[in-house]
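Student: Hi! Could we walk through this model together?
Tutor: Happy to. Here it is.

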Amino acid sequence: MATQSHSLSYAGCNFLRQRLVLSTLSGRPVKIRKIRARDDNPGLRDFEASFIRLLDKVTNGSRIEINQTGTTLYYQPGLLYGGSLEHDCSVLRGIGYYLESLLCLAPFMKHPLRIVLRGVTNDQVDPSVDVLKATALPLLKQFGIDGESFELKVVRRGMPPGGGGEVFFACPVRKVLKPVQLTDPGKIKRIRGVAYSVRVSPQMANRIVDSARSILNKFIPDIYIYTDHMKGVSSGKSPGFGLSLVAETTTGAFLSAELASSPQGQGAAVLPEDLGRNCAKLLLEEIYRGGCVDSTNQSLGLLLMTLGQQDVSKVLLGPLSPYTIEFLRHLKSFFQIMFKIETKPCGEELKGGDKVLLTCVGIGFSNLSKTLK
């Protein structure tokens, strides 16, 4: 763990998760002021408070101070502890909102993390559990985080606004991460997907699959989209349907896209055919952006490179998302690490958008709380 140094100060509610996760890993306290200070309803929202409670559960000895209006938060991180836990996530955001941060922290716990998260498994805002399972877990394996106890499964599905989903996540601990060289995105060799429907006709999922295939079949023949219709208790509390697609390349990179129906009673109703077609187009757009890590997991890849051994890691990404750009700034503040960024214009072999090659030397982060056997 890094030595306790002066705390970092920020203003505003943006990038709250990034700041708290990096604070926990670097051991540097952080103070965030003016959280929605001018809003009619100032301060932290329910889902942010739930996220802070989750951090408190997975760490030991964290000090969290929030003022009465919830507009100022002081967080002094404790040690990552892990163990078997349960957490009820806020239904305002998907479980993916919480899971993305757990993926960053889980390998550095004292005890292997086994956690049950309850809430919304698929929504229109956060990455769904299906996509994280198909893209983030293979990415973690590239850095040497693997084992029998590494799994993520959907026990029940829950759609907004009611939620009612349940997800189980288990991750082994690692002392150090290995450096990676992910510079060859390869070519797309197959597309897999899950069309899910809960509390609506099972036919919905089949209609989504047909419309998605009508576009993707022109691109590649090897397509298999599972239909997942959950009934009864395991279907959550609200009706809905959606599709998540993942394209795998010849070099083991995964690119994903997904869409979910509008929550019950909110927004315009969407036809399964339109949803399938739009999701297929989103996947083709993601393939056009390309890179070895898709846009959902860019920041996770960069964090694992930063925490790797003191050796060079390289990764080729598509255009950086605004979230990733801010994440690079935060990595500099918390870990004093700078990435070398080279743009790779779209050449002969590299079809699609312009790529960015990011290179860094890891800080040699090691999990001190992992007991040596």
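Student: Let's start with strand β12: which strand does β12 pair with in the parallel sense?
Tutor: Strand β12 (residues 188-198) pairs with strand β13 (residues 223-230) in the parallel sense, over eight bridges. Pairing here takes at least two DSSP bridges between two strands. Helices (H or I, at least four residues) and strands (E, at least two) are DSSP runs, numbered from the N terminus.

Student: Before I go on, what kind of model is this?
Tutor: This is a predicted model: local features need pLDDT of at least 70, side-chain atom pairs count only at pLDDT 80 or more, and totals for chains, interfaces and linings use all residues. Residues are numbered from 1 along each chain as its sequence is written, and side-chain values use heavy atoms, with hydrogens and water left out.

Student: Thanks. Back in β13, which residue is the bridge partner of S197?
Tutor: H229 is the bridge partner of S197.

Student: New topic: in what order do the four strands of the open sheet come?
Tutor: The order is β11-β16-β18-β17, with mixed pairing. The edge strands, β11 (181-182) and β17 (340-344), each pair on one side only.

Student: How many bridges join β11 and β16?
Tutor: Two, in the parallel sense, with β16 covering residues 312-317. L182 stands opposite V315 in β16.

Student: Last one: which residues have the most contacts inside the largest nonpolar core?
Tutor: That core has 76 residues, and those with the most contacts inside it are L20, L25, L102, L113, F169, L302 and L331. A nonpolar core is a set of buried Ala, Val, Leu, Ile, Met, Phe, Trp, Tyr and Cys residues joined through side-chain atoms within 4.5 Å, where buried means under 20% relative accessible area (1.4 Å probe, protein chains only). Helix α3 (residues 95-105) gives the most to this core, with eight residues.

Terms used:
Buried means under 20% relative accessible area, exposed over 50%, partly exposed in between (1.4 Å probe, protein chains only).
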